[in-house]
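The exercises below are meant to be worked with the sequence and the model side by side. Each task is followed by a solution that goes step by step.

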Amino acid sequence: MPHSIDLDGRGLVYVADRVNSRVQVFDRQGHFKAQWISRVAANAPASQPESLANWRSQVSSVAYNAHLDAFVVVEGADVVVRR
């Protein structure tokens with residue numbers, strides 16, 4: 001389930017796939033290039049209520065900063081910077 005989309009300076013498309021806990025990377029023609037698997041998916045506490053446990057294991061946002069040439073990815077309650 002796409003939840004957030006952004007482009008980098010090279011024209012690649014980054015899609016935050018919330019339910020599958022990953023960011024997928026495509027070229028402008030839609031060809032799959034790579035994926036970043038979220039670290040929070042495997043670490044979601046089983047003792048949490050279901051609604052909270054689901055939220056904590058999802059990737060909800062990806063945003064590119066051209067000045068830093070880096071991405072900010074929201075993974076559960078964490079913010080991860082990727083280059």
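**Exercise 1.** In what order do the three strands of the open sheet lie, and is their pairing parallel or antiparallel?

*Solution.* Bear in mind throughout that this model is predicted. Tracing across the open sheet gives the order β5-β6-β7, and the pairing is antiparallel. The edges of this sheet are β5, residues 59-65, and β7, residues 78-82, each of which pairs on one side only. From one strand to the next, the twist averages 20°.

**Exercise 2.** Work out how many bridges join β5 to β6 and how many join β6 to β7, and then find the residues that stand opposite Val73.

*Solution.* Begin with β5 and β6 (residues 70-75), which run antiparallel and are joined by six bridges. Next, turn to β6 and β7, where five bridges join strands that also run antiparallel. Val73 in β6 stands opposite Val62, and Val73 also stands opposite Val80 in β7. Finally, inspect the hairpin of β6 and β7, which has two residues between the strands and in which Gly76 takes a positive phi near 60°.

**Exercise 3.** Locate Gln29 and decide whether Gln29 is buried or exposed.

*Solution.* Gln29 is found in the loop that lies between β3 (22-26) and β4 (32-37). The relative accessible area of Gln29 is 61%, and the cut-off for exposed is over 50%, so Gln29 counts as exposed.

Methods:
Residues numbered from 1 in each chain as written. Predicted model: local features only at pLDDT ≥ 70, side-chain atom pairs only at ≥ 80, totals over all residues. Heavy atoms only, no water. Pairing = 2+ DSSP bridges. Helix = DSSP H or I, 4+ residues; strand = E, 2+ residues; numbered from the N terminus. Axes fitted to C-alpha atoms, helices over the stretch in contact; angles between N-to-C directions. Buried < 20%, exposed > 50% of the residue type's maximum accessible area, 1.4 Å probe, protein only.
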